[in-house]
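Trainee: Hi! I'm new to this one, could you walk me through it?

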Amino acid sequence: MPAHIIFLLDLVLGYVAWVLCIRVYGMPKLRTIDQVTAQRAIATLHSFRFFGLAFLLPGVVGPNLPGRFAGFAAYGDFATGILAMLALMTVRMRPLFWSLVVAFNLVGATDILVDYYHGIQTGLPALAGQLGAAYAITIIYVPLLLITHAMALYWLVRPQPNSIRAVAHDAIAPWSLFWRE
């Protein structure tokens with residue numbers, strides 16, 4: 001089987017396996033916790049993205065790995081990892097925490113999508129062997145990262161009825177003194 005077919009098959013199956021795993025094990029747990037805790041769990045996973053700098057290490061990747069792909073992938077992962085760590089460190093400063101959650105998810109998702117674009121443009125599927133040890137990052141870790149970015153961004157934009165009720169209750173509470181029976 002040609003290398004590009006193996007690479008694409010591995011990549012698609014990586015997404016399928018992670019969707020099944022998250023659906024069975026992740027979502028039931030994530031549905032039971034508050035949004036801050038869920039976003040912290042996702043940020044913790046993404047805080048390890050500094051590991052993407054491995055795309056720049058000779059010996060880890062092959063000498064013919066396209067630099068256009070490797071550089072953007074490495075530094076995009078690094079930036080996302082740093083933003084995720086900062087989000088984790090600022091959880092008690094909620095406005096800053098939420099800004100960093102948005103930032104690491106937008107930067108991280110954009111990084112992965114641009115990496116896919118660069119990978120296609122540079123013919124990466126046919127050069128998959130040049131990924132060397134980083135092949136596992138691409139096939140196993142990246143699908144999980146993009147799926148969790150999608151989940152985090154969805155949770156950030158979906159309506160939060162309980163949160164709205166809590167905010168409304170906090171806003172109305174001082175005035176309730178005037179209409180108590």
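**Starting from one residue**

Trainee: Let's pick a spot. What does threonine 80 touch?

Mentor: Not counting residues up to four places away in sequence, threonine 80 touches His46, Arg49, Phe104, Val107, Gly108 and His149. Touching, or contact, means heavy atoms within 4.5 Å.

Trainee: Before I go on, what should I know about the model?

Mentor: This is a predicted model, where local features need pLDDT of at least 70 and side-chain atom pairs count only at pLDDT 80 or more, while totals for chains, interfaces and linings use all residues. Residues are numbered from 1 along each chain as its sequence is written, and side-chain values use heavy atoms, with hydrogens and water left out.

Trainee: Thanks. Which helix holds threonine 80?

Mentor: Threonine 80 is in helix H3. Helices here are DSSP runs of H or I with at least four residues, strands are runs of E with at least two, and both are numbered from the N terminus.

Trainee: And is threonine 80 buried or exposed?

Mentor: Buried: the relative accessible area of threonine 80 is 0%. The cut-offs are under 20% for buried, over 50% for exposed and partly exposed in between, using a 1.4 Å probe and protein chains only.

Trainee: How far is the backbone nitrogen of glycine 108 from the threonine 80 side chain?

Mentor: A polar atom of that side chain lies 3.4 Å from the backbone nitrogen of glycine 108.

Trainee: Let's zoom out. How many helices and strands are there?

Mentor: The chain has six helices and zero strands. Read from the N terminus, the elements run α-α-α-α-α-α.

Trainee: How much of the chain is buried?

Mentor: Buried residues account for 39% of the 181 residues. As for contacts between residues at least 6 apart in sequence, 82% join residues at least 24 apart.

Trainee: Back to H3. How do H3 and H4 cross?

Mentor: The axes of H3, residues 67–89, and H4, residues 94–121, come within 9 Å and cross at roughly 165 degrees. Axes are lines fitted to C-alpha atoms, for helices over the stretch in contact, with angles from 0 to 180 degrees between N-to-C directions.

Trainee: What do you call that arrangement of H3 and H4?

Mentor: H3 and H4 are roughly antiparallel to each other. Under 35 degrees is roughly parallel, over 145 roughly antiparallel, 65 to 115 roughly perpendicular, and the rest oblique. H3 passes H4 in a left-handed crossing, meaning that the near helix is turned anticlockwise from the far one by less than a right angle, whereas clockwise would be right-handed.

Trainee: Which classes of residue make up the contact of H3 with H4?

Mentor: That contact has 16 nonpolar, six polar and four charged residues. Nonpolar covers Ala, Val, Leu, Ile, Met, Phe, Trp, Tyr, Cys and Pro, charged covers Asp, Glu, Lys and Arg, and the others, Gly among them, are polar.

Trainee: Now H2 and H3, how do they sit?

Mentor: The axes of H2, residues 35–46, and H3 come within 8 Å and cross at roughly 140 degrees, so H2 and H3 are oblique to each other. The crossing of H2 and H3 is left-handed. On the H2 side the contact uses Arg40, Ala43, Thr44 and His46, and on the H3 side Thr80, Gly81, Ala84 and Leu88. These divide into three nonpolar, four polar and one charged.

Trainee: His46 was in the touching list too. Is histidine 46 buried or exposed?

Mentor: Histidine 46 is buried, at 0% relative accessibility. Among the residues that histidine 46 touches are Thr80, Phe104, Leu145 and His149.

Trainee: And Phe104, where does it lie?

Mentor: Phenylalanine 104 lies in helix H4 and is buried, with a relative accessible area of 0%. Its touching partners include Ile42, Ala43, His46, Thr80 and His149.

Trainee: Last pair: how do H2 and H5 cross?

Mentor: The axes of H2 and H5, residues 135–157, come within 10 Å and cross at roughly 155 degrees, so H2 and H5 are roughly antiparallel to each other.

Definitions and conventions. A polar contact is a pair of N or O atoms within 3.5 Å; within protein, one must be able to donate a hydrogen and the other to accept it, and residues adjacent in sequence count only if both atoms are side-chain atoms.
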